[in-house]
Amino acid sequence: MDTEIIAFYCVCDDLLKAMNHVEDRQCQMSDAEVMTTAILAGRCFGGNIESARAMLQQQGYIPTMLSRSRLNRRLHRVKKYFLTLFETLAEHWKALNSASLYAVDTFPVAACDPYRILRVRLYQGEEYRGYTASKRRYFYGLKIHLLVTAEGQPVEFFLTPGSCADVTGLQWFDFDLPAGAEIYADKAYNDYRVEDELADLGIYLLPLRKKNSKRPHPPWLTAWISLHRKVVETAGSLMQRCMPKSIHAVTAAGFELKVVLFVLGLSLHHLLG
């Protein structure tokens with residue numbers, strides 16, 4: 001864990017310096033230290049900010065650690081830099097992905113257990129009720145739409161309500177990829193219009209076809225897609241392994257911030273190798 005803490009701090013500090021970020025002279029705890037605490041919580045403590053805060057203070061990594069409430073306020077002030085860090089790492093992963101092979105999928109993030117849906121306060125509305133076909137169960141919360149490289153490094157992601165269909169989310173990806181890139185997906189991503197639009201840009205979306213598809217793939221291509229799209233499932237498993245059974249949050253913004261930290265933690269995991 002020592003190596004991870006030092007690496008997280010160095011990455012955050014270098015990012016803020018590169019952005020010419022200026023802090024108030026009266027700050028006892030730097031923004032890089034605030035970001036390090038949050039990232040460590042998402043990577044090693046199941047998103048529990050208080051556990052990460054206590055450990056870093058007790059072990060002497062950050063002697064000037066803020067109180068729980070003050071740290072929470074500072075954390076929400078720097079949350080925009082987490083997305084900046086993710087985008088910076090994404091450009092790095094795309095540059096290393098010489099084969100230009102990518103995979104896309106979605107993963108559920110439940111805000112509560114199904115039997116507590118009527119009492120949940122973070123989100124309200126039927127649009128947050130989703131269904132996980134692989135587990136044959138409903139959930140109430142958000143979906144992570146994730147695009148990764150052939151090595152499982154995340155390059156794009158966004159959050160939607162749980163009822164959002166995979167093929168609908170496909171239209172909201174930026175697909176800021178080099179010409180010639182191939183994107184592998186499962187059967188839920190069959191959208192001929194999006195395929196044609198991406199093909200005009202030199203990007204090829206290759207989902208598994210349904211039995212009644214008007215554009216069937218040859219058997220060898222189906223086997224190739226099935227083999228290479230598994231990398232996104234592995235990436236999702238690594239990310240969900242860091243998530244607790246129930247993510248504690250008081251507000252929807254806090255809940256979404258913790259989800260972002262889990263995705264960022266996956267990217268940093270690949271950086272540390």
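Figure 1. Buried means under 20% relative accessible area, whereas exposed means over 50% and partly exposed lies in between, with a 1.4 Å probe and protein chains only. This is a predicted model, in which local features need pLDDT of at least 70 and side-chain atom pairs count only at pLDDT 80 or more, while totals for chains, interfaces and linings use all residues. Residues are numbered from 1 along each chain as its sequence is written, and side-chain values use heavy atoms, with hydrogens and water left out. The chain holds ten helices and six strands, where helices (H or I, at least four residues) and strands (E, at least two) are DSSP runs numbered from the N terminus. The radius of gyration, taken over C-alpha atoms, is 20 Å, close to the 19 Å of the globule rule for 273 residues, so the chain is as compact as a globular protein of that length; the rule itself is 2.2 Å times the number of residues to the power 0.38.

**Figure 2. Strand E1 (residues 101-112) with strands E3 and E5.** Ten of the twelve residues of E1 are buried, which leaves the strand mostly covered. E1 runs parallel to E5 (residues 182-185), to which three bridges join it, and Tyr-102 stands opposite Ile-183 in E5. With E3 (residues 137-149), E1 pairs in the antiparallel sense over ten bridges, and here Val-109 stands opposite Leu-142. Two strands pair if DSSP finds at least two bridges between them.

**Figure 3. Helix H1 (residues 2-18) packed against helix H10 (residues 252-272).** The two axes, which are lines fitted to C-alpha atoms over the stretch in contact, with angles running from 0 to 180 degrees between N-to-C directions, lie 11 Å apart at an angle of about 110°. That makes H1 roughly perpendicular to H10, a term for angles of 65 to 115 degrees, while those under 35 count as roughly parallel, those over 145 as roughly antiparallel and the rest as oblique. In this contact (heavy atoms within 4.5 Å), Glu-4, Ala-7, Phe-8 and Val-11 in H1 meet Leu-268, Leu-271 and Leu-272 in H10.

**Figure 4. Helix H2 (residues 31-44) crossing helix H5 (residues 79-96).** The axes of H2 and H5 come within 11 Å and cross at roughly 70°, which makes H2 roughly perpendicular to H5. Met-35, Ala-38 and Ile-39 in H2 meet Tyr-81, Phe-82 and Leu-85 in H5.
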